[in-house]
Amino acid sequence: MEKWRQLVDRMSKPFYELHGMRDLALIGVACGWGARDPGCEDGPQAVFASGPVTCLTHDGQNMPAYEMVRAPLPPTGAAVFAAVVEINHRLADKVGAAVRAGHFPVVIGGDHSCAVGTWSGVRAARPADASLGLLWVDAHMDSHVPATSPSGALHGMPLACLLGEGHDELVHLAGAAPKLQPEHVCLFGVRSYEPGEAALLQRLGVKVIFMEAIARHGFAAMWREALAHVARAGAYGITIDLDAVDPRDAPGVGTPSSGGIGGDELVHALTDLHHDPHLLALEIAEYNPHHDRDSVTLRLLRRMLCAVGVGKEHDEPHDRARREILRP
Ligand SMILES: [Mn+2]
């Protein structure tokens with residue numbers, strides 16, 4: 001009887017706990033105002049409403065609990081900047097609390113300006129003298145400051161902010177700046193950028209793995225190099241702008257850029273990381289459901305969640321085996 005109770009107890013645990021994963025803290029950021037096209041605001045709700053990511057759930061039926069950060073009203077004009085800062089403040093608080101509780105935050109954007117909140121939150125939850133590595137997977141550099149940005153769009157600036165450059169309100173968000181040391185950051189998949197942001201990264205000495213290098217040496221070798229670089233900080237995070245992926249595999253993004261990495265390759269790479277205790281958080285940004293085709297991007301995003309959550313590449317019901325064991 002005791003054995004049976006233990007079995008039932010074990011089977012009623014979320015799958016990722018059985019696999020030794022920390023509890024996931026799913027956080028959506030319904031904010032698209034860092035971009036000229038605000039469609040990413042609807043990204044996280046589209047994910048959460050698209051049906052359960054069954055391999056992450058307790059019963060294979062319901063989406064695991066999630067929190068959503070959003071503005072009370074869509075801001076306009078001069079209120080946009082303040083709204084983005086405010087949302088990032090609340091996001092940093094939620095992410096920081098999750099890390100302090102020993103959970104694994106998975107943040108779903110939103111335009112990529114949410115990276116300021118996510119990684120400021122992780123930073124704030126870490127000891128003051130601990131380093132933080134960050135792997136920045138993106139077609140772009142996101143390293144503009146207001147003086148170099150042609151558009152002034154905030155989603156083109158989050159990495160510069162985290163490195164201590166740009167709007168004060170974002171640079172100093174939720175703690176002292178800079179949040180990241182340049183030697184602990186690596187960009188991956190870059191193929192579209194302006195000279196001003198490239199010059200900033202070069203001056204700071206940030207490692208950039210361009211798409212040409214990935215095409216020449218292969219995804220796997222370059223991914224290993226990128227991970228090794230950020231892991232030197234001890235603990236690290238990954239932020240994925242879905243526009244890093246080739247538009248054939250991820251058309252539903254705000255700023256598509258041809259010639260990107262393969263969706264399958266990225267999912268496979270994340271699968272290897274679900275056991276890594278040094279990986280502190282994952283962020284997936286820039287999903288724009290209004291530009292998606294046949295839910296191709298949505299399915300890719302869901303596979304990424306499964307990959308990092310349980311180390312499986314597909315969003316399959318995981319409870320088949322459980323039902324078979326429990327069948328009388
Ligand atoms: Mn980006």
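Tutor: Happy to. One term before we start: a residue counts as buried when its relative accessible area is under 20%. Keep in mind, too, that this is a predicted model. The mean pLDDT of the protein is 88, with 85% of its residues at 70 or more. Where pLDDT is low, the predicted coordinates should not be read in detail.

Now to the strand itself, S3. How many of its residues are buried? The count is 5 of 5, so by the under-20% cut-off S3 is mostly covered. In a regular strand the side chains alternate between the two faces of the sheet. Here Phe104, Val106 and Ile108 point to one side and Pro105 and Val107 to the other, and all of them are buried, which leaves both faces covered.

Next, the partners of S3. Strand S1 (residues 24–30) runs parallel to S3 and is joined to it by 5 bridges. In S3, Pro105 has Ala25 standing opposite. S8 also pairs with S3 in the parallel sense, this time over 3 bridges. There, Ile284 in S8 is opposite Ile108.

His112 sits in the loop between S3 (104–108) and helix H5 (114–125). The manganese ion is coordinated by His112 through ND1, and by Asp138, Asp142 and Asp241 through OD, at 2.1 to 2.3 Å. Along the sequence, these donor residues are spaced H-x25-D-x3-D-x98-D. Asp142 is in the loop between strand S4 (132–137) and helix H6 (158–162), so together with His112 it ties together parts that are 30 residues apart in sequence. Both are buried: His112 has a relative accessible area of 0%, and Asp142 comes in at 5%.

S8 leads in another direction. Strand S8 (279–285) is among the elements that cover the buried residues of H11, as are helix H10 (219–231), strand S7 (235–241) and helix H12 (296–310). Those buried residues of H11 (263–271) are Gly263, Leu266, Val267, Ala269, Leu270 and Thr271.

As for Ile238, its contacts beyond four places in sequence include Leu135, Val137, Trp223, Leu270, Leu279 and Leu282.

One last stop is His184, in the loop between helix H7 (168–171) and strand S5 (185–190). His184 is buried, with a relative accessible area of 12%. Leaving out residues up to four places away in sequence, His184 touches Ser131, Leu132, Gly133, Leu134, Val230 and Ala233.

Methods. Residues numbered from 1 in each chain as written. Predicted model: local features only at pLDDT ≥ 70, side-chain atom pairs only at ≥ 80, totals over all residues. Heavy atoms only, no water. Buried < 20%, exposed > 50% of the residue type's maximum accessible area, 1.4 Å probe, protein only. Helix = DSSP H or I, 4+ residues; strand = E, 2+ residues; numbered from the N terminus. Contact = heavy atoms within 4.5 Å. Donors = N, O, S within 2.8 Å, 3.2 Å for Na, K, Ca; no water. pLDDT = per-residue confidence, 0-100. Pairing = 2+ DSSP bridges.
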